Structure formats: C-alpha cells, structure tokens
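Reader: I'm new to this one and would like a close look at a single part of it. Could you pick a spot and walk me through it, then show me what lies around it?

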Amino acid sequence: FVPGGEPVATGDTVVNPSLAECLTAICRDGSRLLHEGDLGRAVVARLRAAGGFLGVDDFGEHKTLPMGPVSVTFRDSTVWELPPPTQGVAVTYALEAIAAELPAVESADDWRCVVDVMAEAMVRAGFDLSQIGARPSPAKGDTTYIAAIDREGRGASLITSLFGDFGAHFGIPELGGAIGNRATMLRALRRPMMPGRKPPHTTIPAAVTRDGRLQMVLGVAGGFMQPQAQVQVLVHMVERGLAPQAAIDEPRFRIGFGGVLSLEAGHPLCDSMPDAAARPPGPEGFGAAQVVAVDAEGSVRAGADPRRGGAATALP
C-alpha cells in the first residue's frame with residue numbers, strides 16, 4: 001500500500017503479485033496449502049518471530065464447521081442469515097419479535113419498541129453491547145460487502161473482513177497481505193480463549209426470499225451495526241415497500257458500546273430523545289448497507305450506502 005514509499009491514492013492501480021500467486025496456488029491445490037503446507041508455515045514463522053504461539057499443528061488440526069443458514073418469516077418474506085458463531089441470529093430474533101409485537105412500524109413509539117427489541121436480540125445472540133467498552137482507537141473500516149443478482153435471477157451475498165485496522169497488523173509476504181485477528185472478539189465479549197473455540201463473528205451476508213423465489217440479497221459493513229442496519233433496512237423494504245436506495249438512505253438508530261443509543265439526523269425518535277440525537281455513533285458509524293433486489297417480473301434494482309462510498313453498477 002506504499003509502493004516506492006508513496007501511499008496509494010484513489011484511482012491508483014495496486015499491483016500485488018504475491019497475492020495473485022497465493023490465490024492461484026489455492027485455486028490449484030486447495031486449502032491444504034494453508035492447513036498443511038507452505039502458506040501455513042509462512043504464517044507461523046512470521047508470528048513466532050514476533051513472539052507468538054501459533055504452531056503448524058494448529059493449522060493441521062483446524063476443523064471448518066459445516067453450517068446451513070437460519071431463517072425467519074417476516075411480513076410474508078423469509079429472511080436467511082448465518083447461524084452462530086455469527087450475529088446473524090440477532091436479525092432473526094429481532095424480526096420475529098417485531099412481527100409478533102407490532103402490526104406495523106409507523107410511529108416514534110413503534111421505533112422505540114424496535115430499538116428495545118434489537119437490544120434484546122443482540123443479547124440473546126451473545127453480543128451484549130452493554131458489556132463492551134469503547135475501543136481505544138477508532139477503526140478505519142476493513143469490511144467489504146458485495147451483493148449481486150444475475151439476469152437469471154441468481155444472487156450472491158458476499159462479505160469479507162480482516163477485523164480491526166489491517167487485521168492483526170502482521171503482514172505475511174507469501175500471502176500478499178495481513179492476517180485477521182477475529183479472536184479479539186473473545187476478549188471484547190469477555191469469553192475465555194480455549195483450544196478449538198470459534199470466536200464470535202460479526203460478518204453476516206443475508207438473503208430474502210418470497211414464495212420460494214429470491215427477493216433480495218443484502219449486507220452491511222460496520223461490525224456490531226450489521227444486524228441493526230439489516231433489521232432497519234428490511235423494515236423499510238419488506239414492510240414499507242421502499243426501493244433499495246430509499247431504504248438505505250432512511251435515518252438509522254445505533255445501539256453502541258456500553259449499550260448507549262445514537263440517532264442519525266431525521267430519525268423519528270430524535271424529537272423525543274435529544275441526547276441520543278446528539279450522541280456520535282462511534283467509530284463504525286451507522287453502517288454501510290448494500291442491497292440488490294429483484295421483483296416478480298425480473299426487474300432488478302440496487303442501492304448502495306453513501307455513508308461509506310458504496311456503489312451500485314449494472315454490468316452488460
């Protein structure tokens with residue numbers, strides 16, 4: 001990111017042959033290169049040189065968990081999320097409660113109920129924000145979300161994240177980049193670190209179907225804001241019938257570290273909760289949502305979040 005000592009700028013072309021070689025090798029030989037081969041040994045050597053404890057056996061003993069999506073019915077649509085250890089179930093818990101308690105989300109009182117439901121859903125999912133203190137340094141944004149639907153109506157909902165700024169801050173030349181530091185979530189949520197324990201995960205790509213047909217794919221960049229923004233965007237789209245961009249542009253609430261509430265300008269709760277309206281949302285902001293939706297006639301509409309420079313593009 002600093003070729004020749006000069007930081008890259010918007011519009012620059014970044015050439016990373018090491019990353020290209022790494023991805024080519026994985027495509028050819030599979031993940032065993034990391035779990036049993038040279039890539040894993042390169043990571044271990046870099047971490048050991050810095051005083052770390054990871055060993056080659058840790059890679060070899062890694063087990064990837066098979067998992068299927070969880071779902072919830074909300075206003076005649078089915079919302080699909082990833083199960084634990086992600087926070088996807090916070091979305092399903094919240095939508096289930098909203099559907100049970102509110103015939104519609106219209107008034108400020110309704111939105112206050114949504115805030116309370118969302119806070120409880122986060123706790124049920126194992127992400128109690130009231131127990132997390134403020135971060136010592138602001139994150140600059142490390143998550144990328146991509147939503148796509150092709151002309152056959154097939155969709156992809158993809159999210160990737162190193163977590164934190166440049167992950168663990170350990171660059172591995174053979175990988176062409178840094179490694180992640182998701183185990184930080186164990187400390188943030190006050191859970192003990194133990195062999196074989198999967199750390200909680202914030203990244204949750206999502207999809208929505210109706211009558212067995214894909215309705216939309218969506219996701220949010222923004223840590224603990226991901227399920228909160230998803231719920232709010234889904235209320236605006238599935239219940240109120242807003243188009244993707246209009247739903248994304250609607251003002252949001254955020255339950256932040258310590259359980260405090262922040263409100264974006266123009267939110268229905270701003271008048272009754274001036275302290276929350278004046279409170280900054282923290283380093284992750286109000287999230288960055290992306291949505292691609294397809295209607296029953298096959299017309300595709302997309303929306304991208306201006307809060308973090310998102311873009312929606314139609315490809316030939």
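**A close look at Gly-303**

Author: Leaving out residues up to four places away in sequence, Gly-303 touches Pro-244, Gln-245, Ile-248, Ala-289, Gln-290 and Val-291. Bear in mind that this is a predicted model. Gly-303 itself sits in strand E12, which covers residues 300-304. Is Gly-303 buried or exposed? Its relative accessibility is 3%, and buried means under 20%, so Gly-303 counts as buried.

Now let's step back to the whole chain. Among contacts with a separation of 6 or more, 56% are between residues 24 or more positions apart. Buried residues make up 41% of the 316 in the protein. There are 10 helices and 12 strands. The radius of gyration is 21 Å, close to the 20 Å that the globule rule gives for 316 residues, so the protein is as compact as a globular protein of that length. Along the principal axes, the C-alpha atoms fill a box of roughly 60 × 45 × 40 Å. The accessible surface comes to about 16800 Å², and carbon and sulfur atoms hold 55% of that.

E8 has the largest share, with 4 residues. Sorted by class, the lining holds 8 nonpolar, 3 polar and 5 charged residues.

Most residues other than glycine have a negative phi, and most peptide bonds are trans. Asp-211, in the loop between strand E7 (206-210) and E8, has a positive phi of about 55°. Asp-211 is exposed, because its relative accessible area is 78% and the cut-off is over 50%. His-169 has a positive phi too, near 70°, and its place is in the loop between strand E4 (155-161) and strand E5 (171-172). His-169 is exposed as well, with a relative accessible area of 59%. Finally, Pro-84 and Pro-85 are joined by a cis peptide bond, with omega about 15°. You'll find Pro-85 in the loop between strand E2 (77-81) and helix H5 (88-101).

Definitions and conventions:
Residues are numbered from 1 along each chain as its sequence is written. This is a predicted model: local features need pLDDT of at least 70, side-chain atom pairs count only at pLDDT 80 or more; totals for chains, interfaces and linings use all residues. Side-chain values use heavy atoms; hydrogens and water are left out. Helices (H or I, at least four residues) and strands (E, at least two) are DSSP runs, numbered from the N terminus. Ala, Val, Leu, Ile, Met, Phe, Trp, Tyr, Cys and Pro count as nonpolar, Asp, Glu, Lys and Arg as charged, and the others, Gly among them, as polar. The radius of gyration is taken over C-alpha atoms; the globule rule is 2.2 Å times the number of residues to the power 0.38. Buried means under 20% relative accessible area, exposed over 50%, partly exposed in between (1.4 Å probe, protein chains only). Contact means heavy atoms within 4.5 Å. Accessible areas come from the Shrake-Rupley method with a 1.4 Å probe; for residues, only the protein chains shown count as cover.
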